[in-house]
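Hi,

Here is the structure I promised to pass on, followed by my notes on it. Have a look when you get a moment.

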Amino acid sequence: MPVPSVVTKLTLSGKASLANERYGLGNAGVKKEQLENDFFALTGAFEGEYDSATWDNPFRLGTTVAIQCTSTGPAIGASFYTMDIIIPNAKITKAPAEVSGPDLVSVSGEFTVYSDQVNPACQITLISTDSTAW
């Protein structure tokens, strides 16, 4: 399967807002459980080679795209060390192309992850020999 784009850097960031000052009269100073008080936000940034079909067209059209980043390492038994990130629904919010001469054109952009109410917003699969519990 051909690689649709060359990405050299991928960053994911999440923000979960919690109400953490839940003290009340008669609680004897005991704080109540923290509860969500805003929407969870998952965003990301990327750097890579510019490709108008992969980065520019979805940005200009405002369409939703799927992002998958797979990193495969050496063999471990019948499998390989693997880290696979799948984001089924993302919108590219920034995708400026940087032309600095006759070399490859690069892009450094950002995206926001959305839920389609069917798939998980982000799925991360790790395969390794690490037996430490998470």
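On the surface, M83, I124 and L126 make up a nonpolar patch whose accessible area totals about 260 Å². Patches join residues with over 30% relative accessible area and no salt bridge, linking like charges within 9 Å and nonpolar side chains (Val, Leu, Ile, Met, Phe, Trp, Tyr) within 5 Å. A salt bridge here is a side-chain nitrogen of Lys or Arg within 4 Å of a carboxyl oxygen of Asp or Glu, and areas are Shrake-Rupley values with a 1.4 Å probe, where only the protein chains shown count as cover for residues.

This is a predicted model, so local features need pLDDT of at least 70 and side-chain atom pairs pLDDT 80 or more, while totals for chains, interfaces and linings use all residues. Residues are numbered from 1 along each chain as its sequence is written, and side-chain values use heavy atoms, without hydrogens and water.

The cut-offs are buried under 20%, exposed over 50% and partly exposed in between (1.4 Å probe, protein chains only). Strands are DSSP runs of E with at least two residues, helices runs of H or I with at least four, numbered from the N terminus.

L61 sits in helix α1 (residues 52-61) and is exposed, at 64%.

As for cysteines, there are zero disulfides (sulfur pairs within 2.5 Å). C69 has C122 as its nearest cysteine sulfur, 11 Å away, which is too far for a bond. C69 is partly exposed at 26%, and C122 is partly exposed at 24%.

Cheers
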